[in-house]
Amino acid sequence: MTTQPPSDQRTGPAPSPIGPLSTIDYSERIPNNVDLAGDRRLQRALEGWQPKFLDWWKTLGPSLPTQDVYLRTAIAVGRDGWAHFAHVPMEEYRWGIFLAEADPDKTITFGKHRGEPVWKEVPGEHRADLLRLIVIQGDTEPASVEQQRVLGNTAPSIYDLRNLFQVNVEEGRHLWAMVYLLHAYFGREGREEAEQLLKRNSGDLDAPRILGAFNEETTDWLQFFMFTYFTDRDGKYQLGTLKESAFDPLARTCEFMLKEEAHHMFVGTTGVQRTVERTAAVMAELDTDDRDRLLAAGVIPLEIIQKYLNFQFSVSMDLFGSEQSTNAGNYYSSGLKGRWQETRRDDDHVLLEASRTMRFVEDGEIREKEVPVLSALNLDLRDEYVADCHNGVRRWNQELEDRGLEHRLLLPHEGFNRKVGVYASHHVSPEGEVLDDDAWASRVVGWLPNDDDRRDVASLMVPEYEYGEFASWIAPPKTGINDQPVEFDYVHLAEEGLA
């Protein structure tokens, strides 16, 4: 490890605020901007939950011992200038409760209550549905931390290790965001659900996480980058629908969470891009796409990158639920969940008469039919997501094109490897061909990562803890974090972490 610079060089100043600010009180035991001290009963309840959260973090949070990490912490929730960077021991990170600025004139923008004032409290008739939406969202946040627990042991650089830890602490804060809503608005039932969020664990056979993608093992850094690109991007769109909610505390909570979620997707986008960049460079240098030669040269073959892409995209697609859903339509009409960028939609925002096409499988072929928009809101959100995913793939392919290579990465067909929705009982190839069981079984080895693929990737996952150095399989980033150099001392490992 290189010598640590003086501590005053390791603390980045917060950017100058431009927009309206609601500052966060860090003198409180639980930092917040919701006047927690004004509700002593709620404060005591959350202070009772806090030690359980810290026990969970110690037990199932990052396993690599560290002294401190260069982390950003929210200092205000206005439009600009809300993040402060400093070296912080992770167990002392100030997790807290932050809601975006309130708008006293805000009205509901969709559904049958359109034009009415937003709700400051939970309407009794929507209590159960809102509780379920918050619990499901809350369950995903600690799950990803659990999935990524051991990745620090094989970090390709100190820069990447810092990004992993930043994602982890923010997912922990997102759990706090949902737990606050449960405690503040759902009474005893909410407190019980908050307890369960720490009792379910990713991959646990007896108490697994609610959604399937969050019980998958994160085997290596390539899968981590695919997760933060594809699965955290699903989170972006789910939060985007809740940001429109008529229940204003939920909407404001999710609006602030989206600010933090952007970094997670940056980690995925640039992580995959740097992996492809390094592979492309070696492919061009050796003039080969041979798997064994590329592995011997210390990079991940493009065919394996494509398999990982296929897997993470398909399991993330399942997170949107069935293409047709009565519940989704009811949530919309009632004002619980809107659409992505609802206010920018050019329609009546009620959708009682609107229809659209939907693809499905019939007689071994993919066909289309007309369905009511209200019943297909999951599909509407998924379409927005898929269009967004294409942007990253185009960016990654630019690395291949820049090297003069003809190879390209592709998003698989929407029906590929699906376990939820209209494709769940069918086999569809990445190109969109409907297959029988035998054809699928004989060809799937070329489409999804198998044990050999994961072993080959694992063989390259050798940790690199020297500042400014990177593992053989990934290119360095173009710039560092918060205007710091790439070789900055982003993480100080504990002595046992260096053993």
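Asp-388 is buried, with a relative accessible area of 12% (buried means under 20%, exposed over 50% and partly exposed in between, for a 1.4 Å probe and protein chains only). The model is predicted, so that local features need pLDDT of at least 70 and side-chain atom pairs count only at pLDDT 80 or more, whereas totals for chains, interfaces and linings use all residues. Residues are numbered from 1 along each chain as its sequence is written, and side-chain values use heavy atoms, with hydrogens and water left out.

Asp-388 lies in helix α10 (helices are DSSP runs of H or I with at least four residues, strands are runs of E with at least two, and both are numbered from the N terminus). Its side chain forms a polar contact of 2.8 Å with the side chain of Lys-236. A polar contact is a pair of N or O atoms within 3.5 Å; within protein, one must be able to donate a hydrogen and the other to accept it, and residues adjacent in sequence count only if both atoms are side-chain atoms. Apart from residues up to four places away in sequence, Asp-388 touches Tyr-229, Arg-233, Lys-236 and Tyr-237 (contact means heavy atoms within 4.5 Å).

Helix α10 (residues 377–402) packs with helix α6 (residues 248–286) at an angle of about 20°, and the axes are 9 Å apart. Axes are lines fitted to C-alpha atoms, for helices over the stretch in contact, and angles run from 0 to 180 degrees between N-to-C directions. The angle makes α6 roughly parallel to α10 (under 35 degrees is roughly parallel, over 145 roughly antiparallel, 65 to 115 roughly perpendicular and the rest oblique). On the α10 side, the contact is made by Arg-395, Trp-396, Glu-399 and Leu-400, while the residues of α6 include Gly-268, Val-272 and Glu-277.

Helices α2 (residues 127–147) and α5 (residues 221–242) pack at an angle of about 160°, with axes 12 Å apart. This makes α2 roughly antiparallel to α5. Leu-133, Gln-137, Ser-144 and Gln-147 of α2 meet Phe-227, Gln-238, Leu-239 and Leu-242 of α5.

Arg-359 belongs to strand β3 (residues 355–362). With 34% relative accessibility, Arg-359 counts as partly exposed. The side chains of Arg-359 and Glu-414 are joined by a polar contact of 2.9 Å. Beyond neighbours within four places in sequence, the contacts of Arg-359 are Ile-366, Arg-367, Glu-368, Glu-414, Val-422 and Tyr-423. Glu-370 is eleven residues from Arg-359 along the chain, and their C-alpha atoms are separated by 9.0 Å.
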